[in-house]
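This briefing is meant for a reader who is meeting the structure for the first time. Please keep the sequence and the 3D view at hand while reading.

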Amino acid sequence: MLNLRLSDSSAKAITGAQVALVGDMSHAGMAPVFGEANEIKPGQYQGRLNLAMAGDWVILLHITTAGGQRLERQIDVNSVRPN
Amino acid sequence: MNPSSIPALETPESLPFDLMRIPGLGHLFRWRYARPVLQAPLLVVSVIMILHGLFGPTLAPKNLATTLSWLHFRGVLVLVLLCAGNFFCLACPFMLVRQAARRFIKPRFDWPRALRNKWLSVGLFALILFTYELFDLWSSPWWTAWLILAYFFTVLVVDGFFKHASFCKFVCPIGQFNFVASALSPFEVKVRNQDVCTRCHTLDCIRGRREPGSELVIIRGCELALYQPRKVGNMDCTFCLDCVHACPHDNVGILSRLPGSELLADPIRSGIGYFSRRKDLAALAIVFTFGALLNAFGMVSPVYAVESWLGRLLHLSHEAPVLGIIFAVFLILEPVVLLGAAAWVTRVWAGSQRAWLPLMVRYTYGLVPMGFGMWLAHYGFHFLTGLYTIVPVTQSAFANIGWPLFGEPQWSLTGFPSNIVQVIEIGFLLLGFAGSLAVTYGLAEDDSPTKTWQAFIPWATVGLVLWSASMWLIFQPMEMRATMMSG
């Protein structure tokens with residue numbers, strides 16, 4: 001489960017954005033996992049990704065704001081362990 | 001007449017199959033420029049990998065340098081070695097650059113006598129395995145690109161100073177891997193008819209073909225000092241086909257043989273000597289075999305537990321010394337204990353006349369099939385499960401430079417399901433184990449005709465230990481971290 005808070009440079013919540021999630025392992029050859037995060041409160045988004053293998057993951061956020069602006073952010077998630 | 005006294009007739013069916021007899025393929029291989037033509041595409045791919053590695057996406061699964069190096073190149077390499085022979089060395093892009101450089105720089109020196117063995121390349125082979133784990137090369141396009149660049153640089157320096165194919169024979173770790181693995185290949189560059197060589201006085205296959213009436217070499221002979229009539233097996237053979245082109249009698253072919261058969265006998269080999277007297281070659285076989293397990297161990301969960309435990313035990317927080325200890329245990333201590341014990345038991349039980357160390361050296365080659373089985377299982381796994389990833393990575397690379405020629409990247413394309421690939425992995429390991437049993441039995445039969453089983457069982461036990469460890473490894477949960485010591 002991924003919880004995100006989106007805000008602009010003046011700390012004002014970004015609402016109405018579309019957030020696509022892509023999870024990649026740190027090495028080549030593994031299938032990426034896809035998901036999306038939905039807005040649960042103004043500026044707060046929640047999504048789910050199934051990180052199927054233990055190891056280091058990189059999550060890419062593809063964000064499209066209500067105004068059409070496109071942003072990309074990367075989150076490194078190291079040492080994922082199996083449940 | 002007693003039928004057993006009739007000499008066997010050599011029917012065309014009983015002769016080895018010769019790849020050069022295949023129309024088109026034979027024509028290509030006989031063509032003097034076959035090698036550069038095969039090398040050129042790989043050179044282009046290498047340049048693309050370097051550029052993408054240095055300037056492309058930093059994420060390994062999105063980059064051609066890491067995807068092609070650690071999935072496709074390694075996978076294709078071991079499968080070609082298994083199914084054909086050392087054809088990668090034939091198409092080696094590093095040698096194309098070297099050849100171009102030698103038009104301007106003529107090497108003046110002979111390779112130092114003290115280094116005319118495999119010790120340097122054994123060390124480099126182990127070093128490559130070590131740096132692969134330490135710097136997590138599989139996760140870094142940038143480091144992967146620099147590794148390829150370093151390879152090109154080293155080739156140019158070594159073969160810029162030293163004559164012949166010094167880099168291939170004494171330095172190149174990939175080449176040594178190929179030389180050892182190609183002992184299990186079904187094809188070998190070999191003379192077709194020894195009688196033709198007996199009558200030959202020019203020895204062009206080793207000396208090079210000269211311009212009539214002059215000493216000018218117009219087609220070079222073997223740069224790796226393998227004299228064709230006395231060449232045995234694939235060790236040190238880069239399949240460069242220089243001997244094929246130089247032979248004035250068209251007497252060198254790419255002939256079929258029983259894979260692994262070259263490990264069964266111990267004749268004197270041109271450019272090599274006796275396998276049983278080459279401790280450096282045995283060390284290479286050890287790094288090849290035990291390194292196969294170690295390389296796979298680096299990608300499964302238990303390695304992190306071992307590293308953390310060692311770190312706590314020795315109060316070490318840096319990865320390098322901990323990894324160094326693991327490498328020393330796997331590549332030195334474990335082989336010495338296992339092979340040393342097997343050699344001791346063989347001496348005592350089978351009454352072998354050989355001394356302890358020569359016995360160990362001789363039987364080490366019997367483990368090569370098991371090692372190759374593990375490399376096949378490991379590299380085959382990554383190759384097959386990530387087979388199609390080259391499609392979206394290429395699509396993405398073109399899109400990123402503004403040429404979306406192949407459309408949107410299809411990131412969902414990956415490869416074969418891992419449960420199917422695991423069955424193939426088990427097959428490779430069984431094949432390797434069976435090969436090791438066959439070779440060690442052959443050596444035992446040769447050594448101790450009256451106590452074959454007593455000589456065979458200790459080495460079969462070592463093979464069984466390695467096979468069990470390999471099977472355990474492939475059933476471990478895979479885990480690839482770039483942060484080993486994090487806990």
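The model is predicted, and the values below are computed from it. Chain A has 83 residues and is built from six strands with zero helices, whereas chain B has 487 residues and comes to 21 helices and five strands. The two chains touch, with 17 residues of chain A in contact with 26 residues of chain B.

**Chain A as a whole**

- Followed along the sequence, chain A shows the pattern β-β-β-β-β-β, and its C-alpha atoms fill a box of roughly 35 × 25 × 20 Å along the principal axes.
- Buried residues account for 29% of the 83 residues in chain A.
- The predictor's confidence in chain A has a mean pLDDT of 89, with 98% of the residues reaching 70 or more.
- Within chain A, confidence is highest in strand 4 (residues 44-47), at a mean of 95, and lowest in strand 6, at a mean of 88.

**One residue of chain A: Ile40(A)**

- Ile40(A) belongs to strand 3 of chain A, which covers residues 33-41.
- Is Ile40(A) buried or exposed? Ile40(A) counts as exposed, because it has 11 C-beta neighbours inside 10 Å and the cut-off for an exposed residue is 12 or fewer.
- Apart from its neighbours within four places in sequence, Ile40(A) is in contact with Tyr45(A) and Gln46(A).
- Although Ile40(A) and Met53(A) are 13 residues apart along the chain, their C-alpha atoms are separated by 28 Å.

**Chain B as a whole**

- Chain B has a radius of gyration of 24 Å, which agrees with the value near 23 Å that a compact globule of 487 residues would have.
- Along its principal axes, the C-alpha trace of chain B spans about 75 × 60 × 45 Å.
- Buried residues make up 44% of chain B, and 78% of its contacts with a separation of 6 or more are between residues 24 or more positions apart.

**The two domains of chain B**

- Chain B is divided into domain 1, residues 15-256, and domain 2, residues 278-486, and the C-alpha centres of these domains lie 24 Å apart.
- The contact between the domains takes 34 residues from domain 1 and 35 residues from domain 2.
- On the side of domain 1 that touches domain 2, the elements giving two or more residues are helix 3 (64-83), helix 6 (119-134) and helix 9 (173-181) of chain B, and the largest share, 10 residues, comes from helix 3.
- By class, this side of domain 1 has 20 nonpolar, nine polar and five charged residues.

- The largest nonpolar core has 115 residues, of which Val180(B), Ala181(B), Cys243(B), Ala285(B), Val287(B) and Val368(B) touch the most other members.
- Val368(B), leaving out residues up to four places away in sequence, touches Val180(B), Ala183(B), Leu263(B), Ala285(B), Phe288(B) and Thr289(B).
- Why is helix 9 of chain B described as largely enclosed by the rest of the structure? The description applies because nine of the nine residues of helix 9 are buried, among them Pro173(B), Phe177(B), Val180(B) and Ala181(B).
- The cover over the buried residues of helix 9 includes helix 3, helix 4 (87-90), helix 6, helix 8 (166-171), helix 14 and helix 18 (368-385) of chain B.

**Where chain A meets chain B**

- The contact between the chains involves 17 residues of chain A and 26 residues of chain B.
- On the chain A side, the elements that give two or more residues are strand 2 (18-25), strand 5 (54-64) and strand 6 (70-80), and strand 5 supplies the largest share, four residues.
- By class, the side of chain A that touches chain B has nine nonpolar, six polar and two charged residues.

Note on methods: Residues numbered from 1 in each chain as written. Chains lettered and ligands numbered in written order. Predicted model: local features only at pLDDT ≥ 70, side-chain atom pairs only at ≥ 80, totals over all residues. Contact = placed C-beta atoms within 7 Å. Nonpolar A, V, L, I, M, F, W, Y, C, P; charged D, E, K, R; others polar. Core = buried A, V, L, I, M, F, W, Y, C linked by C-beta atoms within 7 Å. Buried ≥ 20, exposed ≤ 12 C-beta atoms within 10 Å, placed from the backbone. pLDDT = per-residue confidence, 0-100. Domains from an automatic or database assignment. Rg over C-alpha atoms; globule rule 2.2 N^0.38 Å.
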